[in-house]
Amino acid sequence: MKWIKAHKFLTGIIGTALVLCLIIVLSFLSDGSTSPVGRQIQGAVAFIQRPIASATFGIRDGIFNFRHIIVENDQLREENARLRREINSTNLTAQDLQDLRELANIFNYDIMDYNHRAIAANVIALDGTNWFNVFTIDRGTRDGIYQNAVVVNHQGLVGTVMEAGTNWARVISVIDSTNRVSFIVARDHDIVGILQGDGQGGLTGFALDNQAGIIVGDVLLTSGIDLGSMYPKGIDIGRVTAVDFNIDTQLKTIEIEPSVRFNNLRKVAVIL
Amino acid sequence: MKYRYAACLFFVAFIIQTTLMNIVSVFGTTPNLLLCLVVIFSFLYDENNYGLVLGVSFGLLYDICFSQYVGIAALAFFVISLAIMLVNVIMNKEVVFSVIVVTASSTVVYTLIYWGIMFMLGSNYSFFHMMRFLPLSVLYNTVIVIVLYYLMINKVIRHHKDRYYK
């Protein structure tokens with residue numbers, strides 16, 4: 001105790017360092033979820049960020065002349081997203097629904113429901129780092145959002161909800177998430193594989209069949225197979241940019257460019 | 001500067017960092033305003049521990065709101081602030097080159113600490129991916145710290161010709 005009294009500053013430094021290390025370890029063990037106090041703080045911050053974010057986007061879009069073009073653009077984007085979902089859904093149901101029904105009967109699984117409800121949300125804050133793509137949206141548990149809910153936009157798969165508060169939710173992008181996503185190739189739904197973030201801002205994965213005829217330019221969609229986070233079937237993930245056969249692992253590995261431009265997110269939809 | 005003013009400055013920087021800064025992103029890189037404030041306050045107000053206390057507090061706030069794991073930014077700010085306070089004894093506050101060196105080093109250290117801890121916690125982010133933003137980040141942060149330096153230096157270092165010099 002005498003030593004502590006004699007070295008107050010040093011004790012404070014060592015104590016703070018230890019407490020911070022402990023916080024990191026506890027946060028890691030709790031899988032990144034914050035405490036109820038942390039959620040309250042984040043809720044309060046989101047309350048302040050919301051109007052500033054909308055002002056920011058107002059500045060970015062040019063508040064003087066282009067409002068009507070933006071409104072029209074938003075409508076066209078929504079229509080485009082709806083049509084793309086319909087196309088994917090129609091293709092998938094037409095080709096695979098019967099097979100899936102049979103499969104579900106065999107394994108006694110529930111049939112995948114394609115009529116998911118989606119809720120639109122605005123991005124109110126980005127993480128501000130240059131490395132990750134974590135952002136906050138203005139919808140929360142009171143709108144039905146839950147942890148691991150899938151987030152999309154008109155371009156495709158954005159990510160999943162990391163944590164949800166009453167009126168906010170923190171979303172982590174698919175390229176940052178450690179979750180794996182199972183995919184199918186849009187032109188041939190029999191080609192199935194698994195992908196995840198490559199640690200360099202893109203996606204990497206492999207086809208389950210090492211003889212699969214996957215080629216550069218193929219568009220990948222979510223397969224609907226649950227790998228920890230339930231991605232509904234038919235969401236656009238990205239385009240294959242490179243295919244390679246790894247002799248050591250005997251796997252056909254691929255590199256994927258995500259469909260979504262993560263640095264320009266404004267509106268997203270959360271699938272419930 | 002009083003603690004409450006410094007805290008307000010940190011809070012405003014935190015809000016701007018997460019909202020308005022996205023407008024001024026160049027090649028996907030934005031300046032780290034909180035790091036800039038930690039650097040300038042640790043450099044100029046080392047006796048008051050502004051950088052240390054506010055850096056840890058707002059680092060935690062930032063982590064709660066955005067990081068995958070809480071505490072990483074807070075620990076990085078803590079280490080950087082402490083390091084600046086230690087090297088301050090050999091630095092001349094009145095020379096702008098000192099603050100440039102300190103800011104550049106702090107940005108590198110911040111990136112290394114962030115990557116190191118994320119790597120230990122199992123992140124698959126590659127070292128080179130994190131480092132490729134570094135040159136522009138260093139440039140961006142240095143420019144902001146130099147601006148802050150010239151705004152604040154006259155209040156910290158009194159010249160004997162100043163009217164209210166005592």
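This is a predicted model: local features need pLDDT of at least 70, side-chain atom pairs count only at pLDDT 80 or more; totals for chains, interfaces and linings use all residues.
Reader: Why is Met1(A) called exposed?

Author: The relative accessibility of Met1(A) is 73%. Exposed means over 50%, so Met1(A) counts as exposed. Met1(A) lies in the segment before helix 1 of chain A.

Reader: Which residues make the nonpolar surface patch of about 650 Å²?

Author: The patch is made by Met1(A), Trp3(A), Ile4(A), Leu10(A), Ile14(A) and Leu18(A). Helix 2 of chain A provides the largest share, three residues.

Reader: What makes the pair of Phe77(B) and Tyr110(B) stacked?

Author: The ring centres of Phe77(B) and Tyr110(B) are 5.4 Å apart, with 15 degrees between the planes. Phe77(B) lies in helix 4 (residues 72-87) of chain B and Tyr110(B) in helix 5 (residues 96-120) of chain B, so the pair ties together parts that are 33 residues apart in sequence.

Reader: Why is the pair of Tyr110(B) and Tyr114(B) described as tilted?

Author: For Tyr110(B) and Tyr114(B), the distance is 5.7 Å centre to centre and the angle is 55 degrees between the planes. Stacked requires under 30 degrees and edge-to-face over 60, and the rest count as tilted; the pair is therefore tilted. Tyr110(B) and Tyr114(B) are four residues apart in helix 5 of chain B, and therefore separated by about one helical turn.

Reader: How do you know whether Phe77(B), Tyr110(B) and Tyr114(B) are buried or exposed?

Author: Buried means under 20% relative accessible area. Phe77(B) has 2% relative accessibility and so counts as buried. Tyr110(B), with a relative accessible area of 4%, is buried, and Tyr114(B) is buried with 3%.

Reader: How many aromatic pairs does the structure hold over all chains?

Author: There are 13 aromatic pairs over all chains. Phe10(B), Phe41(B), Tyr45(B), Tyr50(B) and Phe58(B) form one aromatic cluster.

Reader: What makes strand 6 and strand 7 of chain A a pair?

Author: Strand 6 (residues 181-185) and strand 7 (residues 188-197) of chain A share five bridges in the antiparallel sense. Pairing needs at least two bridges, so strands 6 and 7 of chain A pair. Val181(A) stands opposite Leu195(A) in strand 7 of chain A.

Reader: In what order do the six strands of chain A close into a barrel?

Author: The order is 6-7-8-11-10-9, with antiparallel pairing. From one strand to the next, the twist averages 45 degrees.

Notes:
Residues are numbered from 1 along each chain as its sequence is written. Chains are lettered from A and ligands numbered from 1 in the order in which they are written. Side-chain values use heavy atoms; hydrogens and water are left out. Patches are made of residues with over 30% relative accessible area and no salt bridge: like charges are joined within 9 Å, nonpolar side chains (Val, Leu, Ile, Met, Phe, Trp, Tyr) within 5 Å. Accessible areas come from the Shrake-Rupley method with a 1.4 Å probe; for residues, only the protein chains shown count as cover. A salt bridge is a side-chain nitrogen of Lys or Arg within 4 Å of a carboxyl oxygen of Asp or Glu. Helices (H or I, at least four residues) and strands (E, at least two) are DSSP runs, numbered from the N terminus. Buried means under 20% relative accessible area, exposed over 50%, partly exposed in between (1.4 Å probe, protein chains only). Axes are lines fitted to C-alpha atoms, for helices over the stretch in contact, and angles run from 0 to 180 degrees between N-to-C directions. Rings of Phe, Tyr and Trp (its six-membered ring) pair if their centres lie within 6.5 Å; planes under 30 degrees apart count as stacked, over 60 as edge-to-face and the rest as tilted.
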